[in-house]
Amino acid sequence: MSMTDPVADLLTRIRNANSNGVRTVSAPYSSIKKDILRVLKEQGYIVDYQPVMEGTKGLLRVELKYGPDGEKVIQRIQRVSRPGRRCFSKSQDLPDVLGGLGVAVVSTSRGVMSNLEAKRLGVGGEVICEVW
């Protein structure tokens, strides 16, 4: 059975693991997921991620980040652009997530990056997800 929205599957796995206080979570490998995780790591929402190849299939192992007393770093993670309804924005129209306290992950012609970096470079693109 094929998956309709693999990015939403990754975000749901992270959301579920985060709500249960689990330290690591695995998801099937894809390059777009790896790029999303790279942005989340750069922005400080996860500790690390690692691609693991097992035979012909690969996995992405994600180490979630928590505060010193077990506080969740990711309060909310949600999909914006879906296969049924794509959401594109110009660089000046990219969303300010939670008044600048959160970050949006954007797929641009220069690669996957945060909304802050896309605005700085003056490129727009598809808004994949928002995190805060």
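**Strands, helices and cores**

Tutor: In S3, leucine 59 is the bridge partner of proline 28. This is a predicted model, in which local features need pLDDT of at least 70 and side-chain atom pairs count only at pLDDT 80 or more, while totals for chains, interfaces and linings use all residues. Residues are numbered from 1 along each chain as its sequence is written, and side-chain values use heavy atoms, with hydrogens and water left out.

Student: How many bridges join S2 to S3?

Tutor: Strand S2 (residues 46–54) and strand S3 (residues 57–64) run antiparallel and share 8 bridges, with valine 52 opposite leucine 59. In their hairpin, which has 2 residues between the strands, glycine 55 takes a positive phi near 70°.

Student: Which strands are the edges of the sheet, and what makes them so?

Tutor: The open sheet of 3 strands has the order S1-S3-S2, with antiparallel pairing. Its edge strands are S1 (24–28) and S2, each of which pairs on one side only.

Student: How does helix H2 run relative to S2?

Tutor: Helix H2 (residues 31–42) lies across S1, S2 and S3 and runs at about 155° to S2, the angle being taken from 0 to 180 degrees between N-to-C directions of lines fitted to C-alpha atoms, for helices over the stretch in contact (heavy atoms within 4.5 Å).

Student: Why is leucine 98 called partly exposed?

Tutor: Buried means under 20% relative accessible area, exposed means over 50%, and partly exposed lies in between (1.4 Å probe, protein chains only). Leucine 98 has a relative accessible area of 49%, and is therefore partly exposed. This residue, in the loop between strand S5 (88–89) and strand S6 (103–108), also has a positive phi of about 50° although it is not a glycine. Most residues other than glycine have a negative phi.

Student: What makes a set of residues a nonpolar core?

Tutor: Such a core is a set of buried Ala, Val, Leu, Ile, Met, Phe, Trp, Tyr and Cys residues joined through side-chain atoms within 4.5 Å. The largest here has 26 residues, and Ile14 and Leu37 are among those that touch the most other members. H1 gives the largest share of this core, 5 residues.

Note on methods
Pairing = 2+ DSSP bridges. Helix = DSSP H or I, 4+ residues; strand = E, 2+ residues; numbered from the N terminus.
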